[in-house]
Amino acid sequence: MALRPLHDRILVQRTEEEEQKVGGIIIPDSAKEKPQQGKVIAAGKGKIEKDGRVTPLDVKAGDIVLFGKYSGQEVKIDGDEYLMMREEELLGVIEK
């Protein structure tokens, strides 16, 4: 299934973090925090301003981004979990 976010929204897939160990104890999945980093899968055309102009987004598909703990709305597409959020909810883009 192909999904194109509207306007200034982006679709992000969380990146998996390595298994955490604290003092040799493996933390179960239910106690782990969800990662706050992900890969942009798709991005909308841009934000529509009051005068009708479209301001393009700074992020594009493939970018690795940071976002807040409670950012976005979780959506499930073809069995995979994604976050749908506005670009303004992003904290930054990780550049390598």
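Val65 stands opposite Val93 in strand β10 of the predicted model, where strands (E, at least two residues) and helices (H or I, at least four) are DSSP runs numbered from the N terminus. Strands β7 and β10 run antiparallel and are joined by 4 bridges; two strands are taken to pair if DSSP finds at least two bridges between them. The model is a predicted one, in which local features need pLDDT of at least 70 and side-chain atom pairs count only at pLDDT 80 or more, whereas totals for chains, interfaces and linings use all residues. Residues are numbered from 1 along each chain as its sequence is written, and side-chain values use heavy atoms, with hydrogens and water left out.

The pairing of β7 with β10 belongs to an open sheet of 6 strands in the order β8-β9-β1-β4-β7-β10, with antiparallel pairing. Strands β8 and β10 (90-94) stand at the edges with a single partner strand each, so one side of each has no neighbour in the sheet. On average, neighbouring strands of this sheet are turned by 40 degrees against each other, direction ignored; the axes are lines fitted to C-alpha atoms, for helices over the stretch in contact, and angles run from 0 to 180 degrees between N-to-C directions. Strands of a sheet pair through backbone hydrogen bonds, either parallel or antiparallel.

The bridge partner of Lys76 in β9 is Glu81. The hairpin of β8 and β9 has 2 residues between the strands. Asp78, located in the loop between β8 and β9, has a positive phi of about 50 degrees although it is not a glycine. Asp78 is exposed at 57% relative accessibility, on a scale where buried means under 20% relative accessible area, exposed over 50%, and partly exposed in between (1.4 Å probe, protein chains only). A positive phi near 50 degrees is also found in His7, another residue other than glycine. His7 lies in the segment before β1 and is partly exposed, at 39% relative accessibility.

In overall composition, the protein has 10 strands and 0 helices. Of its 96 residues, 30% count as buried. The accessible surface comes to about 7200 Å², of which carbon and sulfur atoms hold 49%; accessible areas come from the Shrake-Rupley method with a 1.4 Å probe, and for residues only the protein chains shown count as cover. Among contacts (heavy atoms within 4.5 Å) with a separation of 6 or more, 64% are between residues 24 or more positions apart.

The largest nonpolar core contains 10 residues, namely Ile10, Val12, Val40, Leu57, Val59, Val65, Phe67, Leu83, Met85 and Leu90. Such a core is a set of buried Ala, Val, Leu, Ile, Met, Phe, Trp, Tyr and Cys residues joined through side-chain atoms within 4.5 Å. A second, separate core of 5 residues includes Leu11, Ala42, Tyr82 and Met84. In soluble globular proteins, nonpolar side chains tend to be buried together.

Beyond its neighbours within four places in sequence, Leu57 is in contact with residues including His7, Asp8, Ile10, Lys47 and Glu87. Lys47 is located in strand β5 (residues 47-48) and is partly exposed, with a relative accessible area of 37%. With the same exclusion of neighbours within four places, Lys47 is in contact with Asp8, Arg53, Val54, Thr55, Leu57 and Glu88. Lys47 and Leu6 are 41 residues apart in sequence, with a C-alpha to C-alpha distance of 9.1 Å.

The structure holds 4 salt bridges, each a side-chain nitrogen of Lys or Arg within 4 Å of a carboxyl oxygen of Asp or Glu. One of them joins the side chains of Asp8 and Arg86 (2.7 Å, N to O). Asp8 lies in the segment before β1 and Arg86 in strand β9, so this pair ties together parts that are 78 residues apart in sequence. Asp8 is buried at 6% relative accessibility, whereas Arg86 is partly exposed at 31%. A salt bridge also links Asp51 and Arg53 (2.9 Å, N to O), both of which are exposed. In the salt bridge of Asp63 with Lys60, the closest N and O atoms are 3.2 Å apart; Asp63 is buried, with a relative accessible area of 13%, while Lys60 is exposed at 53%.
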